[in-house]
Protein chains: 2
Amino acid sequence: MRDAEQPAAMTAPADLQLFALRGMPRIGTGDDIAAELLHALQRSGLALVDGDIIAIAQKIVSKAEGRAVRLADVEPSARARELGTKTGKDPRLVELILRESVEIVRRRGGVLITRTRLGFVQANAGIDQSNVDGGGQVLLLPVDPDASAARMRSEIAVRSGRRVGILVIDSMNRPWRLGTTGAVIGCSGVRVLDDRRGSPDLYGRRLEVTVSNPADGLAAAANLLMGEADEGVPAVLIRGVPSGDETQIARDIVRPLEDDLFR
Amino acid sequence: MRDAEQPAAMTAPADLQLFALRGMPRIGTGDDIAAELLHALQRSGLALVDGDIIAIAQKIVSKAEGRAVRLADVEPSARARELGTKTGKDPRLVELILRESVEIVRRRGGVLITRTRLGFVQANAGIDQSNVDGGGQVLLLPVDPDASAARMRSEIAVRSGRRVGILVIDSMNRPWRLGTTGAVIGCSGVRVLDDRRGSPDLYGRRLEVTVSNPADGLAAAANLLMGEADEGVPAVLIRGVPSGDETQIARDIVRPLEDDLFR
């Protein structure tokens, strides 16, 4: 019973809550991420509610989908050998970068920035060289992260009865600003672009450039809890931004090439 | 008293919580943002704790610092007139953009992307044309948002006895990816760059490119609650990422020009 002198707890509920999903097992090829997510939620004492969003690290999606590649199995092309020499990178890694890319956006020194098959611009085509089980392996991005997200969303709906949104996220470097932030590469059931260009502002003036990207905002937030050097937090539950039954996908984020001033 | 059959509430506390600070008054020149923040926190039933971070929309910082400019008071230079014709922008606005910038990074059609005096690359030098009290006014960025953040942090420490971190944030467009996200332009007492390049990963391999930017991640998260078209939420309380007594500032985010592949 409370002391009469003590005021009741006044803290309002948070508008946005993020829960790190700890204790998931190390994911390997063929593992069922949706099932592991539901187990991890249960162990954490978290009951899903409709509208929750789960952000999932690209790395475990790639691993589950068997996207690890042994460099020893890669035969570099002549072009990959040449670029390998120029960049100081393993030519077999360069070969994979080229296969995963549709365009080299920039190369200088050891930096190789490409547009991936998915349309996103990332260093090294998003290929991950860390935390991949020994033996000279690297990890490619999922083949179709939007489809991966939709599949996991559907599996979670079937098993839990809950309509959640799914984000597959990756850490990315950016022009002009140091330090990686999280960004979305796959998405299902989450508002990706919020177009408010038609809305008048407080003074009745039409807003100028006001398409926001809530999906990337959520990815950046979730990424804060994931860290880089360990796989302890491969997924984050986000509560407070209703996911809704959105039909947008991550590829909708790709800026049309004709509007791209930085190719 | 609980029913014996009913399990105790199992929900773990969120690892990261964001609270929208609603009901702040409209801010004008000379207003004391630190005082208004503390009032808003009190009205919301939120007691600050050491390590909390408050993200503040650039717009109210600029307004408090008297950075609204009446276009009627601006005399455009010949260069501003020429660029105004090329971009279809008001030459007086272009004049302000040029004064606020050290470099035009890209111009095409009506898009003008510049490097501001602060070093950040933004459309229109970060000048805001929306939600500025009528009369053909626009709003420039704060002169020194890092100093603004440090001042507010210090004022909050004096008045509340709490050590908090302060972020001054803005919505920015980005190359390649559609939709704005929040990013930091001013900062005090928050970890800006988290350099983990020295840490071995799970397999003992040195991590490659793993400088993350938690400050921008927090800004992107807070920006989700702010929206664009109203000033109802000009500040967000963030709890769960200890701010610490960091000495980094937002300008530390500026990628060195010699490493900038997108000038």
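1. Asn223(A) is buried, at a relative accessible area of 11% (buried means under 20% relative accessible area, exposed over 50%, partly exposed in between, with a 1.4 Å probe and protein chains only). This residue sits in helix α6 of chain A, residues 214-226 (helices, H or I, have at least four residues and strands, E, at least two; both are DSSP runs numbered from the N terminus). Apart from neighbours within four places in sequence, Asn223(A) is in contact with Ile169(A), Ser171(A), Thr181(A) and Gly182(A), where contact means heavy atoms within 4.5 Å.

2. This is a predicted model, in which local features need pLDDT of at least 70 and side-chain atom pairs count only at pLDDT 80 or more, while totals for chains, interfaces and linings use all residues. Residues are numbered from 1 along each chain as its sequence is written, chains are lettered from A and ligands numbered from 1 in the order in which they are written, and side-chain values use heavy atoms, with hydrogens and water left out.

3. An open sheet of 10 strands with mixed pairing runs in the order β9(A)-β8(A)-β2(A)-β12(A)-β1(A)-β1(B)-β12(B)-β2(B)-β8(B)-β9(B) (two strands pair if DSSP finds at least two bridges between them). At the edges stand β9 (181-188) of chain A and β9 (181-188) of chain B; each has a single partner strand, so one side of each lacks a neighbour in the sheet.

4. Strands β1 (residues 16-21) and β12 (residues 235-239) of chain A run antiparallel and are joined by 5 bridges. Gln17(A) has Arg239(A) in β12(A) as its bridge partner.

5. Cys187(A) is buried, with a relative accessible area of 1%, and Cys187(B) is buried, also at 1%.
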